[in-house]
Every structure is written in structure tokens, then in C-alpha cells.
Amino acid sequence: MKKAIKKIWFVGMLLAANVAIACTIFCGKDKHGQVWAANNEDGAYSFFNYINIFPKTEHTKFGYYTLSYDSAKNGEGGGIEGGMNEAGLFYDFNYIGTKRVKDLHKKKEFPGGSLKILGHILSQMETVQEVVDFFEFYWFKDGFRSAQMHVADRYGTFAIIGPSGTKISTNERYQISTNFDICGEQDFSNTERYWRFPLVKSSIEQEEVSLESFKDICEATSIKGKGPYTSYTIYSNIQNLSTGDIWFYFTSDYKNPLKTSIQELLAKGRTSYLIRDLFPNHPISRLYQDFTKHGGQYAYEKFQALQISKARKDEIRSIFVTKLLAEDYRTDLLPFLEDYLTQNPTGHWLRSARALLYHLKGDTEKAVSIVKAYLKEVPDTSMDVEGLLRLLEGKFDDNANVTIALHGFQDAQRVFVNGLPVNFNLLVKKKGKWIGKYKLDQGTYNYTFSVDGKEVLDAKTPVTITASIYEDWYRSHQLCVDLSEQAYPTTITIRVPHKNDVVYITGNQRNLTDWSSVFRLQKTADYEREITMDLHYPAKFKFTKGDWETEAIVKGQKSNEKEGLLPLTIDKNNPTHFEITDWKDSPN
């Protein structure tokens, strides 16, 4: 029900936790000495995944292809999900949770900039050893703390590179990675979370490495709506690094691959393809076309007529309901949702979505009855029942401290505000405008509006152009709650206790990453660190080594029994120089 403003994340999962569950990645040598690598792309389903082709140029050694989410643009910068070059070098990534970077103080920033690193590897490097050597010397300015890089080359060398370190294998028959830290904590005893790793290991040890065995492993480890984020295996890719042959599989169909090769791809020139367009006969591709061209009822009738297994049908229904509802509350999705709820009646998000869809259709009485029936069925639900019932009646929270308004669009059917951390973002039409009232904590919030599925801005509200080191620029409205409307250029300097200390800052607003330790201070002298950014006052923040187990203890910093160390504060009257006396994880 919450829909965030779309962002282009710096280095994809390398910067911050993504809602995706980690991919299953594995590689191995067959009995003929050929090297194979495979990947399942697991995560919240997307209809917008791209194959991006980059032929060799006068400035590069090799042509290559990349994979990306959301746009082709993401496949040439920091949003590369994986790829392979014509020299037979392959890499992909697993999400592993945020870790501190080992020996970060010894590493340099890449002269071309962090966003150029992933493309540089594929365009200039031939071997795993080159990649390992690169990361021994360079690291991302901010990022690569939530993922590990699985690398393989045609010579049979494998490596895992992550924030905790590097593991390189030159004489092993295979390498596997899922979503636990291979180079750090190797405890994967939680079989519910880490079930894929032992399954892949058993299969590779019992079967010869081949296209067929790798395809079977991809199918056995594919995720069909499993996991805490309702994840799916969107596509699978298998590469023969020795020959350059490539096979792509789309959304659980392992019988009808797209067979190509790196040579064939590069011959097409610089271009990008939507993966679903390469599988026009796949049921989900046809259904998505039907939905976008003819609407939900038509698509549902076509869905009902599909001659596929019940398991495939259930998966497609689930994808349509969860993905398309997350994008827009189109009332013509109701047939899919009603059908889905007969199979999966639990879960308050889709039950509340059902109520909202009936409300948008004009049947508020039915909507209210749905909510009350659910409360009776699940009295201890975490659904904000009171908030939803208020919304259906056109009322707001009495404790609201923020009012959002969109003027005009009187004939719109459904209007939402996107980007605010609220339970229900549907707006109510009152006196010639669309209104929402919310209780929001202190912070900065960027938001836009969605009108009948199209993103719009309000003509009477100032527009901000937002860009930062971790997201592409975009136009939105900005809301400051208990902070100054103006952002002031602020330089923060600190003195550290040890020459090798690496320091991150995190705090109470967007430019301080809303309490996520992402931005690293620059080293200006042995014991001095510095960062400059635009801040709304009062800015509240803390310093860490990259995670909450390593908070800095700052001279003069206050604390209490309940909250521990309290945030530091800067406003117009506070100094901006601080001294770290110790760290929470220090043995001293």
C-alpha cells in the first residue's frame, strides 16, 4: 500500500539493503574442462528487466553484456546486477546484509568514480585474479557493504569478494553463493533461510556439470512467491564461459530457453532488450500485454483460459496481484484479487487492498463490511483498522501534524501520495482538491502524486530537484517536519582516536540517509575526518564504523539508561567540530 518514489540506487544492492532475497549463483567445471556459471535473479517481481549489450570500443578491451532492473540506464553504471564479457569473465551479486569493510582504510577511491567500477571490470578485465587485485587496492566511495560479488572466468578460477574479505579458488570444481557471508560469518544452519546452498552443493557433487544439470538446479532453487518479501525468480541465466554460449529462462519456464551467445549479442551493436519482450509467448508476457492494452477483466478472462499447470497459474496470479497492486490500485484488478484470496485468504495487506478497491468502485458499504469481517476473523491483526475505516469515511487522524494537498484533477478516479511512510496513501477529495492528513516524525520527506496511474506534481506546491550520491535526480515536493525549510551547507569535522579509523555518518534526514550508515567521511589528516552536505536544522546524527555495533563515543555526548548514547545536534548556534574518544566495540 505504500509506494516509494522510484530511485536509482547506487551500485544496486551494493549500497543498502534491497527488498530482494539474494540470488542463487553457482559455477563449475565440466568433465571436458569447460567452465559454466549460472544465476537465479530472485526478488520482488519486475516486468522491467533488461539485457544491455556493450560492444568493444577503442577505449575498451572487451565487449560485454549486463543485466539491470527498471531501466537500461541502470545497466551501464552503478545499477548493474550481473554480466559477462567476451573473454569469459562473469560476475553477479548476492545480498548478505550490511557488513563492515575489512581494511577499508587501506583502499583507494577508483579514479574514474564508483559508478564506473562495474563496467570497468567487464570492459577491461579477463581473469578473476585481476578482479581480486583490483579490490585489494580500490573500493567504492560509499557502498558495497550489503552484498558479495561472485566471480568466475573461463580458466576455472572462482572468487567471492565482499566487505568481509576475499576467497579465491584456483583448483576447486565448483563455487556456490547464496545469501550468507562466505568470507565472514559462514553459519548457514538456518535451513529455512539458507535452504538453497545445501541443495546446490548436493546436486553439483552428485551430477556432472552441464547445461542440463545447471538448468535443473536453477529450477529446483527458483523462488515462487516464497520468502519474507513475496519474492520470485524473475529470470535465470546460464553461461558457458569457455564457448560464450548463453541461455536465458524466464519466470519458472525451464523448457523454453532463449539460446544465444556473447558473440551473437555483441554483433547486434549497442542496444538493450526488455527480457519479457524476448519471451513473447510466455504466459506472463502475453497476460501483461493483455492487461496493459485491454484492461484487467479482459486479461483475467485470458488468464482463466490458460492451459498450464495449477502451480504455474497460481504463481502468475500471485505476481499479477502483488506487483500490479503495488504499482496502482486499478479496480479492474479485482477479478485477480478475488480469485487470489480464495486460494490465499490470509494477509492483511491484500484484504485491505480489496476493501480499498471496492471503495474506489463506489461501494464503500461493502468496503467497510470487508474490513469489519476481517477484524472479527483476525482480532489481533496488525492492520491499522481504525485508520482504514477513517479513510473510507473520508476522515483523518486527529493527531495529524501534516496536510498534503493536490489541486485540480476533479475527474480523477484514484489519487495517491507516493513517498511518505504512511499506512494508507489514498487521498480524499474535499472542496476542489485531494487531501491527506498524517502524523509524521521529524525528518525530510520527498513525495509526488499518482493520478489514475500517472505520476504528477501539484501546481501550487514548490518543486524540489533532488539528487545525491546515492540516487539519480528527480523532481518532487519536499516536506520538512520539525526541521528548517532551508538546507544549509554544513561542513562537519571530527578528530578520531586512531589513524586507521573509518567513519560513517547517519542521521535524521534524507541527506543523512535517515539513520542508515551510508556516507563515509573523508580523511583529511591522520586524525581528522570531514564531510560537507546540505542539512536542515536541527540536524541530529551519530558516527559509526558502518554498523550500529560500532557507534562512536563523542566527547561531551549525552546518554541515558533507556536510549544509550543520544544523537549529536547541529543548528545555527552549534559547533560543527567533534572529537571521538572511543568506539562501542573497542576493548578499551
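**Strand pairing and a buried serine**

Four bridges link strand 4 (residues 64–69) to strand 5, and the two run antiparallel. This is a predicted model, and the protein chain averages a pLDDT of 90.

Reader: In strand 5, which residue is the bridge partner of Tyr 65?
Author: Strand 4 covers residues 64–69 and pairs antiparallel with strand 5. Tyr 65 has its bridge partner in strand 5, and that partner is Met 84.

Reader: And on strand 6, what does Met 84 pair with?
Author: Strand 5 is also joined to strand 6 (residues 90–95), by three bridges and antiparallel. The partner of Met 84 there is Phe 90.

Reader: Which residue takes a positive phi in the hairpin of strand 5 and strand 6?
Author: That hairpin has four residues between its strands. The one with a phi near 85 degrees is Gly 88.

Reader: Is Ser 146 buried or exposed?
Author: Ser 146 sits in the loop between strand 8 (138–139) and strand 9 (147–152). Its side chain makes a polar contact of 3.1 Å with that of Thr 98. The relative accessible area of Ser 146 is 0%, and buried means under 20%, so Ser 146 is buried.

Reader: Over on strand 36, which residue is the bridge partner of Val 554?
Author: Strand 36 (residues 577–583) runs parallel to strand 26 (residues 487–495), with three bridges between them; here Ile 494 stands opposite Phe 578. Strand 32 (residues 552–554) is joined to strand 36 by three bridges too, but antiparallel. In that pairing, the partner of Val 554 is Ile 580.

Key:
Residues numbered from 1 in each chain as written. Predicted model: local features only at pLDDT ≥ 70, side-chain atom pairs only at ≥ 80, totals over all residues. Heavy atoms only, no water. pLDDT = per-residue confidence, 0-100. Pairing = 2+ DSSP bridges. Buried < 20%, exposed > 50% of the residue type's maximum accessible area, 1.4 Å probe, protein only. Polar contact = N/O pair within 3.5 Å; in protein donor to acceptor, adjacent residues only side chain to side chain.
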